[in-house]
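Open the model in your viewer and keep the selection tool at hand. Each stop below says what to pick and what is there.

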Amino acid sequence: MNYIAIQVISAIFATYGFGIIFNVRGGKNLFGSFGAGIGWLVYSLLNEKGFTYFISYTAAAATITIYSELLSRKMKVPTVAFLYPGMIPLVPGGGIYYTMYYIVQDNISQAVGKGIETFIISGSIAIGILSVSTFSQIFYHIVKKKEYDDKKY
Amino acid sequence: MDKLNDNLTAVNENDILYLASYVGKLILESGGETYRAEDMVDKICSYYGLQSNSFAVLSSILTTIRGKERRFFTNIEKIRMRTINVEKITRLSKLVRDIDKYTFKEFLSQIQEIDEQKTNRFMYTLIGNCLAAGAFAFYFNGSYRDCIASIIGALSISMLGYYSAKLQINNFFLNLVGGMVCSLSAYICFKWGIIFNISVSVISTLMLLVPGIAFTNSIRDLIAGDLVSGIARGVEAFMIGTALAIGSGITLSIIKTLGGFL
């Protein structure tokens, strides 16, 4: 549990750093950072309970996307202000390094395994973002239609 | 972009097209999604009563509007340099949403102000890089020593970014060198005795270059139905990832060949 806490906190700080790089101003950067922390918390808890990488990463990505969509409506800014930084800690940078590390060590089987794992993680994140963004589109489409109908009467 | 005619007295199709394309270009330059750029252009044109169609990809945005008396006007803007600037996207989105509060000339001057907004980008990037890399060290279960090594790596990456911006180096080669710098920096810290295992600091620094944004944007473009842009960004992300892998791999390989200990 201690490891999870450290990782969540460091994910928040790392994301805040990226927010500075991407010129996310003011409170948006702070709230965006919390999104990353929440995402990693979801991943860690699911992973600890024995779920696979695929499910854990998908759930984490979905959580961050939901958080971003809700917050963007609340603060009236584009979703990307929260989604861009929030996704950073999930990206499998370690997978890239270890793949090459094993290749250099002439351990091809582990390198291939690591490479495949990296691709699976990328796919999981994609599915997480895809599913939530799609539902978000559908939801707001329905709401907008309702508003339009209300105006009509 | 060139300033519009200062003697502007009547708004015509050309001016509106120019203005709208200007906004679309700024969105793409700031790392916004292609559908956002297209959407903004169309909103601006429709507000001024013109029917428009725009098509945006990573590197350009093409806009055609149908004016009075069956005349058509077309403009294409080339995007030559792309960064991530969320604040610009935010301000442009807000400005376009409130378009009815401005006259044409006021609207144009607001956009130019956003375009010319300058911050000390290098200093901000430096601070952001160090903070992110340092935090990532703990994120990957490293110690404070790994944190220090990662910050040193972040400084190296910042300098690399600074000089490459001046030299206009292509993206693939830049990331290749970036991967090398990450590994080399970590190895030097290892030799200095700051760290006892280079993996954590290499990964922490590598995270600064990993194409998380291109990847996320790729997915969002695909969701919006922009298959061309979505796939293009996906390929971009893959290319960057490959370059980083090759770069760090080359350095590790050289170190091993020279008898260094990994």
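Select Lys114(A). Its relative accessible area is 21%, so it is partly exposed; that class lies between buried (under 20%) and exposed (over 50%), with a 1.4 Å probe and protein chains only. A salt bridge here is a side-chain nitrogen of Lys or Arg within 4 Å of a carboxyl oxygen of Asp or Glu. Both residues sit in helix H6 (residues 108–152) of chain A, three residues apart, about one turn of the helix. Helices are DSSP runs (H or I, at least four residues), numbered from the N terminus.

A word on the ground rules. This is a predicted model: local features need pLDDT of at least 70, side-chain atom pairs count only at pLDDT 80 or more, and totals for chains, interfaces and linings use all residues. Residues are numbered from 1 along each chain as its sequence is written, chains are lettered from A and ligands numbered from 1 in the order in which they are written, and side-chain values use heavy atoms, without hydrogens and water.

Move to chain B and select Asp98(B). Is Asp98(B) buried or exposed? It is buried, with a relative accessible area of 16%. Now show Lys94(B): its side chain meets that of Asp98(B) in a salt bridge of 3.7 Å, N to O. Lys94(B) is partly exposed, at 48% relative accessibility. Asp98(B) has a salt bridge with Lys101(B) too, the closest N and O atoms being 4.0 Å apart. Lys101(B) is exposed, at 60%.

Next, pick Glu33(B), Arg36(B) and Arg220(B). Salt bridges link them in a network. Over all chains, the structure holds eleven salt bridges.

Finish at the interface. There, 51 residues of chain A are in contact (heavy atoms within 4.5 Å) with 55 residues of chain B. The two chains bury about 4,500 Å² between them, 71% of it on carbon and sulfur atoms. Buried area is the accessible area (1.4 Å probe) lost on putting two parts together, summed over both.

How many salt bridges cross between chain A and chain B? The rule finds two. Select Asp106(A) and Lys256(B): their side chains meet in a salt bridge, 3.4 Å from N to O. Then colour the helices of chain A. H1(A) gives the most, with twelve residues.

Methods. Helices (H or I, at least four residues) and strands (E, at least two) are DSSP runs, numbered from the N terminus.
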